[in-house]
Amino acid sequence: MHPEPLTGETSINDAVSFELTGAAGLIAIDNPPVNAASHAVRTGIRQAVEALQDMSAVKVIAIYGKGRTFIAGADIREFGKPPLDPWLPELCNFLEASDTPIVCVLHGTTLGGGLEVALACHARVALKGTRVGLPEVTLGILPGAGGTQRVPRLAGIRTALDMITGGKPVSAEDALASGLIDRISEGDPRAVALQSAQDLLDGTLPNRRTGALDTEPDPTALDEMRKKLARTQPLLFSPQKCVDAVAASSLPVTEGMKEERRLYEECMASPQRAGLIHAFFSERAVSKIPEASATPRAIDAIGVIGGGTMGSGIATALLLAGLPVTLTERDQAGLDRGIATITGNLDGAVKRGKLTAGARNDILSSKLKTSTDLGALSEVDLVIEAVFEEMSVKREIFEMLDKVCRKGAVLASNTSYLDINDIAAITSRPADVIGLHFFSPAHIMRLLEVVVADKTADDVVATGFALAKRLKKIAVRSGVCDGFIGNRIMTFYKKAADYMMMDGASPEEIDTAMRGFGFAMGPYQVADLAGLDISWAANKRRAATRPAEERYIPIADRLCENGWFGRKTGQGFYIYDDTGSRPNPEALAIIDAERDKAGIAPRAFSAEEIVSRFMTAMILEGSRVLEEGIALRPIDIDAVFLNGYGFPRFRGGPMHTADVIGAAELVRRIEDYAREDAWYWQVPALLRQMAENGGSFAETNDRG
């Protein structure tokens, strides 16, 4: 025992220090930027507690975080590596077993392992504005340091199920109401820690070992959640394991912890965990671009050309990010439609709780300007053109922008397919021209393809990425080709779906198979939603350059010739009315007629074969996109499809899925399918080399 108390702050390591103030030992965590529960933090907390326990003057311990948050979760640098002692479950059990009572002060975003540390303490105080949560399910695992056992004991099984299977953080107020925390305070974390320590000593804060509490049984809540997950997330592995772990909280705590650990290890071994971790890292990897060192240009005012669905959605996204927008259209009627759409989008944000009514009114009154004259864009920092997908129209607009916009303004096109080099060439400043391909609805979808033309300046590329960050979107760098990364690959694999449709599979069978794989919608549902007229226009544009060897399926064109463009017209591959949607019998008749015309005897396709052909085609074209340098890395392609095309997140993306399948198997499939269509099914050189060398796409993901 130390007979005399220490004075001042004592550092355990670079991340943790402690001090003695009266009878209270204060432990401070300082591991910027988010105080992640790294090995240094875990070691520091344990050693600091042990040191304070060894001092006779210390009657209570308080743990708090410096900086912007308490522990915000695990250290991502340790993902996938063997755990180092003390690992988190061991640390939490050590804290709970302490004879010296411990209070934890939470602020910022206390997530995952940070909340599990707090749950193991004997009391919890949160600063106003704190949010707490257990997001492990989003990574395909479950809280593995006692979270599934301690939350039910403090807050009940129903609250535990909602938090742990949903993964979303809750407010300090909700945490207090459920019993997860004991108090909400205001002030500096250290000052609150000191006061909370005194209150714990005085008995005005409860002093409880969470593991010693009993869980109130709630079989109804468990049954309801299992049924809900079977209905809403039938393909996901970890949510049901989370329910099983929470159910084990009715056991004595040591037995419950063992069951939690067993279920955690099952999740760790699941391919879904690997896919979800890969998806998590993809959102960070895409920011590593060759132009990252360039300084972005200042963007304080933006012009948007076009008040249609896309332009209005882009304007909405910019306005919600606090940016002033000048919207231009050809005439007042177009502006009126655009204003109405933007207003509706903002009203939707108010209804969803993303925006206050007052903020909505301020945006419309002071942030949004409109004009029918492109001259109104003379002083903006960035212009985003979002008009009809027609090269002659876009070139005409950029020719005018070249004359109207100030020197140094960034000129961006929202084109989905067209050549940015051709658009840039019409201007006298191609270095200022870039593609910013938003995805509809632009104010909701997270993906932004930043399309870099041959002469685009580095600081313009950096500006595109900076804008995406401000809009809270995931930017992916793409080179120039028809359709860039996403639409180019989608156009290719959609042909595989069309070939199967022509050869015997119905649109509904193909859609059902792909939903079974994990997509929210199948390719024909997506086509109807996007509008068949969009792809019809692209097909007509490509007709002159279509290779003679290519097998072309005109079924969607026949539908468009009848004015059936999908949801917007009430029918396409499906019929849409007040009763919902159902297969369109007239579309099926057109399919039969085209088969007869081509002399095709339809055959059956199993769901497994549909998925195999669909995914193999997607990976095949993804390999070509990499070979040509359109995408920097495989993980960039994964990020595009995860965030823009509804690819099932638990599968990690198409190129991650390619590694799961294996290059040799993919080559075998392509060569097998090539017996039917040797022009479409060609093995990319990159894929063949990987098959021969036993390589993987993941090996090339570290390129910057």
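**Entry 1: strand β7 and its partners**

I began with β7 and strand β10 (residues 183-185), which pair in the parallel sense over three bridges. For my own reference, two strands pair if DSSP finds at least two bridges between them. Helices (H or I, at least four residues) and strands (E, at least two) are DSSP runs, numbered from the N terminus. I also noted that this is a predicted model, where local features need pLDDT of at least 70, side-chain atom pairs count only at pLDDT 80 or more, and totals for chains, interfaces and linings use all residues. Residues are numbered from 1 along each chain as its sequence is written, and side-chain values use heavy atoms, with hydrogens and water left out.

Back to the strand: the bridge partner of A126 in β10 is I184. I then looked up β5, which pairs with β7 in the parallel sense over four bridges. There, V105 stands opposite V125 in β7.

Is β7 enclosed or open to the outside? Five of the five residues of β7 (residues 123-127) are buried, so this strand is largely enclosed by the rest of the structure. Buried means under 20% relative accessible area, exposed over 50%, and partly exposed in between (1.4 Å probe, protein chains only). In a regular strand the side chains alternate between the two faces of the sheet. In β7 I found both faces covered, with A123, V125 and L127 buried on one side and R124 and A126 buried on the other.

**Entry 2: helix α2**

Next I went to helix α2 (residues 88-96), where seven of the nine residues are buried. These are L88, P89, L91, C92, F94, L95 and E96. What do they pack against? I listed α1 (39-53), β4 (60-65), β5 (102-106), α3 (113-120), α4 (147-155) and α10 (253-268). Contact here means heavy atoms within 4.5 Å.

**Entry 3: the eight-stranded sheet**

I traced an open sheet of eight strands with mixed pairing, in the order β13-β12-β11-β14-β15-β16-β17-β18. β13 (368-371) and β18 (474-478) stand at the edges, each with a single partner strand, so one side of each has no neighbour in the sheet. Neighbouring strands of this sheet are turned by 25° against each other on average, direction ignored.

Inside this sheet, β16 (residues 433-438) and β17 (residues 447-451) run antiparallel and are joined by four bridges. I picked out H437, whose bridge partner in β17 is E449.

Helix α15 (residues 391-404) lies across β11 (302-305), β14 (382-385), β15 (410-413) and β16, and runs at about 170° to β15. For such angles, axes are lines fitted to C-alpha atoms, for helices over the stretch in contact, and angles run from 0 to 180 degrees between N-to-C directions.

**Entry 4: aromatic rings**

Rings of Phe, Tyr and Trp (its six-membered ring) pair if their centres lie within 6.5 Å; planes under 30 degrees apart count as stacked, over 60 as edge-to-face and the rest as tilted. How many aromatic pairs does this rule give? The count comes to 15.

The rings of F517 and F519 have centres 6.1 Å apart and planes at 25°, so this pair is stacked. F517 is buried at 8% relative accessibility, and F519 is buried at 8% too. W536 and F565 form a tilted pair, 6.3 Å centre to centre with 40° between the planes. W536 lies in helix α21 (residues 532-542) and F565 in the loop between α22 (555-561) and β19 (574-577), so the pair ties together parts that are 29 residues apart in sequence.

I also found a cluster linked by ring pairs: F439, Y493, F517, F519, F614, F641, Y645 and F647.

**Entry 5: charges over rings**

A charge sits over a ring if NZ of Lys or CZ of Arg is within 6 Å of the ring centre and within 35 degrees of the ring normal. R546 has its charged end over the ring of Y552, 3.9 Å from the centre. R603 has its charged end over the ring of F605, 3.8 Å from the centre.

**Entry 6: cysteines**

How many disulfides does the structure hold? I found zero, counting a pair of cysteine sulfur atoms within 2.5 Å as a disulfide. For C104, the nearest cysteine sulfur is that of C121, 4.3 Å away. C104 is buried, with a relative accessible area of 0%. For C267, the nearest cysteine sulfur is that of C242, 6.3 Å away, and C267 is buried at 0% relative accessibility.
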